[in-house]
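Here is a friendly tour of some side-chain and helix packing. Please keep the sequence and the 3D view open as you read.

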Amino acid sequence: MPTNIKVEKLQEGLKTKLMGKYIFFANEVASTNDWAKELAELGAPEGAVVIAETQTAGRGRLGRKWISPKGGLWLSLIFRPKLKPPETVKLIFLAGLAVAEAIRELYGLKAETKWPNDILVDGQKVCGILSEMKTIGEKVDYLIIGIGVNANINIEKDFPKELGETATSIQKALGRKINLEELFRALLEKMESLYQSFLKEGFTPILERWKSFTSFLGCLVEVCGDGERFEGLASDVDDDGALVLKLENGSIKRFLVGDLSIKIRRQ
Ligand code: BT5
């Protein structure tokens, strides 16, 4: 299975109306999120997708580096949701669920969701999501959801050593390469059907399903980032997407989706 993306195959048989109606492809970009932003500024509509074979400056949250060699699926989607800015975090969960469902259905791997923006396979990160938005007053002008999936990545060869301890790829978990265009299409189809359900039925069914794919709830976790560090029992993710932690002293603390990450301390 080659790692080169065949552009003409990206839309072939794609069963969506909105997502991927416009696809922008490049062999190499700095960051698909940056390119998507430029396009959104020029008026690109909701559902437009940017995809690149490699990123030279792929980004995680807080400007962290996202390693993006050839063989991965590096893409960004433009949304123009009628939501208040804080509500847009819901689309991070929606995207995570779409990735987890696509990986489960296509490859039979037990992809798990991890608060707030990770997808894990065998307990290691196979996908990260980066959402960035532009607001005008109280309104969202556009939201970019960037999705990076380690698909056909040889972890030992393609990644720096330290990342090999926390990251995995579909290729590693499956023992074979996959068809990147097929994963791309499945992901867009999932995103579209979940987005429609979100617009009709709201966030609760998405969140419930996201929670059913997670294994950190009920575990002792450490919340870190932004100079903060708390340890406690992960008891829930609430309707705002906030992590609810029961601290050792019995008090409850909520963490809004921001720049925090969790480490699982004990199952
Ligand atoms: C994320 O950030 O997990 C969001 C990653 C989003 C990447 C996509 S790719 C398409 C689009 N264009 C972009 O420029 N970005 C998006 P965060 O939670 O901050 O995690 C970042 C951390 O994950 C890094 O500090 C590394 O430790 C680790 N990491 C870097 N590259 C990785 C990879 N390919 N796979 C797994 N972990 C990685």
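## About the model

This is a predicted model, in which local features need pLDDT of at least 70, side-chain atom pairs count only at pLDDT 80 or more, and totals for chains, interfaces and linings use all residues. Residues are numbered from 1 along each chain as its sequence is written, and side-chain values use heavy atoms, with hydrogens and water left out.

## Aromatic pairs

Searching the whole structure turns up eight aromatic pairs. Rings of Phe, Tyr and Trp (its six-membered ring) pair if their centres lie within 6.5 Å; planes under 30 degrees apart count as stacked, over 60 as edge-to-face and the rest as tilted. One of the pairs joins F79 and Y195 edge-to-face, with 4.9 Å centre to centre and 75° between the planes. This pair links distant parts of the chain, as F79 sits in strand β3 (residues 73-79) and Y195 in helix α6 (residues 180-201), 116 residues apart. Helices (H or I, at least four residues) and strands (E, at least two) are DSSP runs, numbered from the N terminus.

Are F79 and Y195 buried or exposed? Both are buried, a word that means under 20% relative accessible area, with exposed over 50% and partly exposed in between (1.4 Å probe, protein chains only). W210 and F216 also pair edge-to-face, at 6.3 Å centre to centre with 75° between the planes. W210 counts as buried because its relative accessibility is 1%, and F216 is buried with a relative accessible area of 1%. Ring pairs link F79, F93, Y195, F198, F203, W210 and F216 into a cluster.

## Charges over rings

R104 lies over the face of F213, at 3.9 Å from the ring centre. K253 is placed over the face of F255, at 5.3 Å from the ring centre. The criterion is NZ of Lys or CZ of Arg within 6 Å of the ring centre and within 35 degrees of the ring normal.

## Helices α3 and α6

Helix α3 (residues 90-107) packs with α6 at an angle of about 135°, their axes 9 Å apart. Axes are lines fitted to C-alpha atoms, for helices over the stretch in contact, and angles run from 0 to 180 degrees between N-to-C directions. The two helices are therefore oblique to each other (under 35 degrees is roughly parallel, over 145 roughly antiparallel, 65 to 115 roughly perpendicular and the rest oblique).

## A loop residue

T88 lies in the loop between β3 and α3. At 3% relative accessibility, T88 counts as buried. Leaving out residues up to four places away in sequence, T88 touches P81, L83, M133, V140 and L143, where contact means heavy atoms within 4.5 Å.
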